[in-house]
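Open your viewer, switch to a cartoon view, and keep the selection tool handy. We will go from stop to stop, picking something new each time.

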Amino acid sequence: MEALVRPKLQEAYEAVKRALECVHFCILIANCEVKYWGRASSKLGRGQRVIMLKQDGSVLVHRPYGYEPVNWQPPGSRLSAELKDGKLVVRAVRLRPWEELVVEVYEVHLLAHCKLRDDARFEMYGSEGDIRDLLANNPELIEKGLKRVEVERKVEGGSIDILFIDERGRLVVVEVKRGTAGAEAVIQLKKYVERLKGELGRDVRGILVAEDLARGVRGLLVREGLEFKKIDLRKLFEVSKEQGASLTHWLTRC
């Protein structure tokens, strides 16, 4: 690792150049100006910001507040640095579609770069009850036009996770399974659908909601006339954050 405190621009340029040549993660705290051309164009005047040059070619520029970058370039961008007109100029170019981000650095307060390694798998945790409640309050995550009727509706032999009604007026039984759903989940869903049909004498659909299906389960669903909706826990977690939900049930680790 190389770290420089208040380096001169020549020193900072040489350090950034070494970082790019070695494909290192590089971070600068600097007084800079940011310009962008591409899908639109923008300019951000001088200010103290955090600039991150990542090993995959992505670039992020952060202000001292807020969690989102004020500007960025995606992975695969071509990064370069030069000294020009008394400034350290860092450039990130994306070819398709063409976009260019230019950071003009006037003063560097701190610069560090090194090779980082992170091969850990991102995992997210939430109980079936957490997932059920989130889907009950956001039925569009399952299917557009669904309207909630009841959560945990009691039927003979158990309870339906969520009961909806669709745009055509049909009842929809949703069975939620965390992780990979097996054949037993299909059997359970089929049982609830048939019992509700017998109880109400109405057309009833059944949807199994899970992160994935065990081998052979998709064919069983088709034979039983049931449906499957794959859920993405990352997306559910983002929805829960947007709605101000507590994170005590949504724990992440990297």
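Which residue in β12 is the bridge partner of Ile165? Select Ile165, and you will find that its partner in β12 is Leu171. Before we go further, note that this is a predicted model, in which local features need pLDDT of at least 70 and side-chain atom pairs count only at pLDDT 80 or more, while totals for chains, interfaces and linings use all residues. Residues are numbered from 1 along each chain as its sequence is written, and side-chain values use heavy atoms, with hydrogens and water left out.

**Stop 1: an open sheet**

Select strand β11 (residues 158-165) and strand β12 (residues 171-176): they run antiparallel and are joined by four bridges. A strand here is a DSSP run of E with at least two residues, a helix is a run of H or I with at least four, and both are numbered from the N terminus. Two strands count as paired if DSSP finds at least two bridges between them.

Now widen the selection to the open sheet of five strands, ordered β10-β11-β12-β14-β16, where the pairing is mixed. At its edges are β10 (147-155) and β16 (227-230), each pairing on one side only. From one strand to the next, the twist averages 30°. For such angles, axes are lines fitted to C-alpha atoms (for helices, over the stretch in contact), and values run from 0 to 180 degrees between N-to-C directions.

**Stop 2: helices on the sheet**

Contact means heavy atoms within 4.5 Å. Next, show helix α3 (residues 183-200), which lies across β10, β11, β12 and β14 and runs at about 155° to β14.

**Stop 3: a residue in β10**

Click on Val151, found in strand β10. Leaving aside residues up to four places away in sequence, Val151 touches Arg132, Ala136, Ile160, Asp161 and Ile162. Is Val151 buried, partly exposed or exposed? Val151 counts as partly exposed, because its relative accessibility is 31%. The cut-offs are under 20% relative accessible area for buried, over 50% for exposed, and partly exposed in between (1.4 Å probe, protein chains only). Try the distance tool too: Val151 and Val174 are 23 residues apart in sequence and 9.7 Å apart in space, C-alpha to C-alpha.

**Stop 4: charged pairs**

Side chains of opposite charge can pair when their charged atoms come close. A salt bridge here is a side-chain nitrogen of Lys or Arg within 4 Å of a carboxyl oxygen of Asp or Glu. How many salt bridges does the structure hold? The total is 21.

Show the side chains of Arg205 and Glu143, which meet in a salt bridge (2.7 Å, N to O). Arg205 lies in strand β14 and Glu143 in the loop between α2 and β10, so this pair ties together parts that are 62 residues apart in sequence. Arg205 is buried, with a relative accessible area of 9%, whereas Glu143 is partly exposed at 23%.

Then select Glu199 and Arg153, a salt bridge whose closest N and O atoms are 3.0 Å apart. Here helix α3, holding Glu199, is linked to strand β10, holding Arg153, and the two residues are 46 residues apart. To see a whole network, select Glu143, Asp166, Arg170, Arg205 and Glu227, which are joined by salt bridges that share partners.

**Stop 5: two hairpins**

Move to strand β7 (residues 87-94), where six of the eight residues are buried. Strand β6 (residues 78-84) pairs with β7 in the antiparallel sense over seven bridges. Their hairpin has two residues between the strands, and Asp85 takes a positive phi near 55° there.

On to strand β8 (residues 99-114), which pairs with β7 in the antiparallel sense over seven bridges. This hairpin of β7 and β8 has four residues between the strands. Finish by clicking Ala92, whose bridge partner in β8 is Leu101.
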